[in-house]
2 protein chains.
Amino acid sequence: MDYRPRPDDTLFLLRDVLGAGAQLRRLPPFGEVDDALLAQVLEEAGRFVAEVIAPLNRPGDEAGCRWEAGAVATPPGFAAAYRAFREAGWPALSADPEHGGQGLPAVLEAVLYEWMAGANHAFLMAPGLLHGAYDCLRHHGSAELQARYLGRLASGEWLPTMALTEPQAGSDLGLVRTRAVPQADGSLRVDGGKIFISAGEHDLTENIVHLVLCRLPDAAPGPKGLSLALVPKVLPDGRRNAVACERVEQKMGLHGSPTCAMRFDGATGWLVGEPHRGLAAMFVMMNAARMQVALQGIGHLDAAWQQADAYAAERRQMRAPGASGGAPSAIAEHPAIARILDTQRGWVDGARLLAYRTGVLLDVARHAGDAQARDRAQRWCALVTPVLKAACTQQGFDGASACLQVFGGHGYIREWGVEQHLRDVRVAMLYEGTNEIQAIDLLVRKILPDRGAGFSAVLLELRDELDAAREADADAQRRLAQLRYLATSVAAAAPARAALPYEVADDFLRTAMLALTAWAWARIEAVAGGDPRWTRPAATWRRHALPEFDMRLAMVKRACQEAAGAPPG
Amino acid sequence: MDYRPRPDDTLFLLRDVLGAGAQLRRLPPFGEVDDALLAQVLEEAGRFVAEVIAPLNRPGDEAGCRWEAGAVATPPGFAAAYRAFREAGWPALSADPEHGGQGLPAVLEAVLYEWMAGANHAFLMAPGLLHGAYDCLRHHGSAELQARYLGRLASGEWLPTMALTEPQAGSDLGLVRTRAVPQADGSLRVDGGKIFISAGEHDLTENIVHLVLCRLPDAAPGPKGLSLALVPKVLPDGRRNAVACERVEQKMGLHGSPTCAMRFDGATGWLVGEPHRGLAAMFVMMNAARMQVALQGIGHLDAAWQQADAYAAERRQMRAPGASGGAPSAIAEHPAIARILDTQRGWVDGARLLAYRTGVLLDVARHAGDAQARDRAQRWCALVTPVLKAACTQQGFDGASACLQVFGGHGYIREWGVEQHLRDVRVAMLYEGTNEIQAIDLLVRKILPDRGAGFSAVLLELRDELDAAREADADAQRRLAQLRYLATSVAAAAPARAALPYEVADDFLRTAMLALTAWAWARIEAVAGGDPRWTRPAATWRRHALPEFDMRLAMVKRACQEAAGAPPG
């Protein structure tokens, strides 16, 4: 069963619960973005994804990519679908009109990409980096590079890559060895090998624009000696550059996406941004990229849920407890199956609200006239993005596995399609920084340096959006307060044990996700007016998922007490 | 990296912690089974698995099975390995000497099969049902069927299948439609279609013996109208029977094992056991089969752990907190990675102790001279087997995913082998009764009928094996007491809400597994004498896995209170 986005669900969360329309209209570029436009774009995006992208998912998985003598053929249909994607203007959705873009809010693009992930993650991989590269070049590229590449990227005429990882340099990019030597004409000569380059080579576009993390000759060792080079597959004069795809990896999933090992062999490139400031140039797009990965987790989970929900309504086995008559019940009526479906629905909707809020705030951080509003939005994005990246991809995988379980033995058969979601989504826990790195980023790099002050401010804002007179709101407020206190506890105990924050980082991140999702559901229910479409997953999620909050809280607390030398208890 | 069993680990648990040698020697057939023999069999089994079975795992996954015109080719090397398996006498390990078996304890066979699952689950699938079929026939087959088939099964000359599932009948076998009509010569004419038949057709043996769940013409509807027929691929006179393999399923994993859709088209068979007592005839082997599936989960997890452990010791990225010098540390030193490795080690060893104890008690239940001892052993097996089947397969999958995470992006690449464990082990959560069915079996079918009395007796036995003067023992005793009380609470609340036991079954099973594993670790540590090989995973498991006990306990308690109409709290 192909994925079919449900724009009404998204519109309810985005427009009715978050009031995104009003927030966006306050931003200078989006004065004209009214609710009708939001609805229209989502409607069209949903149709495009369902009709053009989704049907290629299973065939793409079966066919995979073919490498031959350095060239890579994507699965049948992908090139035509990419052409349609480009012609419909989707790559340009949030790009600046001055570069040929449509100038729409990035949050709409985030939703489009979420749906594409649910429909066909492998297809998404090629255009998935477009906007990151576009933003990077726009902020850090020279005028000449911008003139040559920005418009082509905005339109999707050329596709980019992010060439970071090397065999010895994964989570630790400070170990990157690729060399870039300045030439007399102002270009760079780039030598080195990169791995795990998504869409490093393919047949979708004529040119491919590699953004390559590398080292200049006078570079310091470690991450502070990294620079960024733009290295095109085809040079401006039409010659082929010395860039080669050596192989395509055989992976657990994402068979339709070529993951390439690339060799730069005296390739010609140009510096992007300042020398030795390559990481800074790439990090401009990090929050947006991580948000997109979080949404991949949500997209897969929603797609697996759709499949399981449809199957559970049709499949009849045994009489459910309390059912009358002798006929077997639809398995949706069996408590174990209903619990899976409603809990996962609870994760999808709750996580979506948080992700969409983050998407809107990414727009605010970029475009608000008021510097304080920009800073506040930026603070949210910096703190919440790693939480969503780790928790949504983990839930995408665990939840897709729960949805597979609904099918019984049939879930294991490829024909039903649900097992592909498990295989495809698993990578999202690994790339754009492993989930363990996200947890460290959150606690060690972002919360502890100011002893939790910024994090506390974010949580207080959330508290103030709730109405303590409502039971669900009061419960969420209590958890947000406990989370604030927990951050303080870790900050207080950390000096006594340097390893402590690293030891509790994963539990802390889970605690944060559960408190944030409790907030999200309180907000959704306040607007849903008793509609069981929303209240049923809310109740089930609270009953079956939320108890983890107290467990993780206690685990982190105990570790803090032990680190501080206090007796546990 | 191929899996390499570690007989010393198993021997420590089996011999030193469980005292299995002494227990087995008390059983009439095993008077000669001394510790040296246990060690020797495990040593040889480990070598055979490592040298013959494990190297075919990755190639088998790559090559898969080929169906052509009804014939099925297993992956290259499988047939030769099966020949070696047979010639070394492994199929006959626990079969009765009167049928050509070696007459060794079944628990040794269980260990062999655990290791085979870790080494090459797909290969295991064909001989995996040998002993179930052998036992079934031995207890229920006519003298003529026994004479014709028992010896051939014991030796592995012919392989069996279990043909239960039909498209409309999965968890609900009462919906089986395959017809069996008695013929004048005493045979049956069998018509119908079966799916998900592991090794339904292959090139490993000349004959295949199908045990087919079917309905006689006068059968009642539902599960009480099911009979069991033996239907061979090749008839005693050498003619081919009317049994056909229609296709081989494309699956998420286990590519080396042919999962067949079979058609019986007026095939000749013979009744096994009484008419309409087919389920009873199959259930004779159910505990052993479910135990074997639990051990598949453990085998995969141990194998994935070995891979991750080796990788983490080699791979260097970033400096670990507290590490001196500027060089990157082995990732094993990073807290997030160490936690994964030690927690999963904790699951493997703790679950192994429980599974091995169950394996010994399966032997006791079969062979003890004392009826009371047999009953007590049988009670343990009936109650603990569903816990292990569900919890070990879930942990096999979740833990293999955690081990994959240790590899970062490399874990997603097939070359490293860890992703295959995720794909292969996932099926174990589905077959032999889904994990949700196990939870219902435990609570609804086995605990509630006597209001928890038998379960309570099992837990009291465990309590009495602990020494309350030791902290870990006292902690485990407390949890066992809480679990006993929980069973009583569910029994007390169930009359008020028929669905309650179904709603809490999964949480109850998890609570049970955590309490049992806490018992297992208390027992292991009591014998391990402070050896960090055992104390380190013990401590990590208690810190990071055991907190789930209190969470699940509270969830079940709350549901009981609500069902009984009491205010939650």
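1. Chain A has 19 helices and nine strands, where helices (H or I, at least four residues) and strands (E, at least two) are DSSP runs numbered from the N terminus. The model is a predicted one, in which local features need pLDDT of at least 70, side-chain atom pairs count only at pLDDT 80 or more, and totals for chains, interfaces and linings use all residues. As for labels, residues are numbered from 1 along each chain as its sequence is written, while chains are lettered from A and ligands numbered from 1 in the order in which they are written.

2. On overall dimensions, the radius of gyration of chain A is 24 Å, close to the 25 Å of the globule rule for 569 residues, so chain A is as compact as a globular protein of that length. That radius is taken over C-alpha atoms, and the rule is 2.2 Å times the number of residues to the power 0.38. The C-alpha trace of chain A spans about 80 × 60 × 45 Å along its principal axes.

3. Among contacts in chain A between residues at least 6 apart in sequence, 74% join residues at least 24 apart; a contact here means C-beta atoms, placed from the backbone, within 7 Å.

4. Now the domains, whose bounds come from an automatic or database domain assignment. Chain A is divided into domain 1 (7-138), domain 2 (158-277), domain 3 (285-431) and domain 4 (434-569). The C-alpha centres of domain 3 and domain 4 of chain A are 20 Å apart, and their contact takes 24 residues from domain 3 and 28 residues from domain 4. On the domain 3 side, α11 (335-367) and α12 (371-406) of chain A are the elements giving two or more residues. That side has 13 nonpolar, five polar and six charged residues, with Ala, Val, Leu, Ile, Met, Phe, Trp, Tyr, Cys and Pro counted as nonpolar, Asp, Glu, Lys and Arg as charged, and the others, Gly among them, as polar.

5. Helix α13 (residues 418-425) of chain A deserves a look: eight of its eight residues are buried, so the helix is largely enclosed by the rest of the structure. Its buried residues include Glu419(A), Arg423(A) and Asp424(A). The cover over them includes α4 (57-63), α6 (106-125), α10 (286-314) and α12 of chain A.

6. How are the two chains related? Chain A can be laid on chain B with an RMSD of 0.0 Å by a turn of 180° and a shift of 0.0 Å along the axis, superposed by least squares on the C-alpha atoms of residues with pLDDT of at least 70 in both. The two copies are thus related as by a two-fold rotation axis. In chain A, Met551(A) has the C-alpha nearest the axis, 3.1 Å from it.

7. At the interface, 46 residues of chain A are in contact with 46 residues of chain B. Helices α11, α12, α17 (500-528) and α19 (547-563) of chain A each supply at least two residues to the chain A side, and α19(A) gives the most, with five. By class, that side holds 23 nonpolar, twelve polar and eleven charged residues.

8. Lastly, Thr358(B) lies in helix α11 (residues 335-367) of chain B and is buried, with 26 other C-beta atoms within 10 Å. Beyond neighbours within four places in sequence, Thr358(B) contacts Met291(B), Trp380(B), Cys381(B), Val384(B), Thr385(B) and Leu388(B).

Notes:
Contact = placed C-beta atoms within 7 Å. Buried ≥ 20, exposed ≤ 12 C-beta atoms within 10 Å, placed from the backbone.
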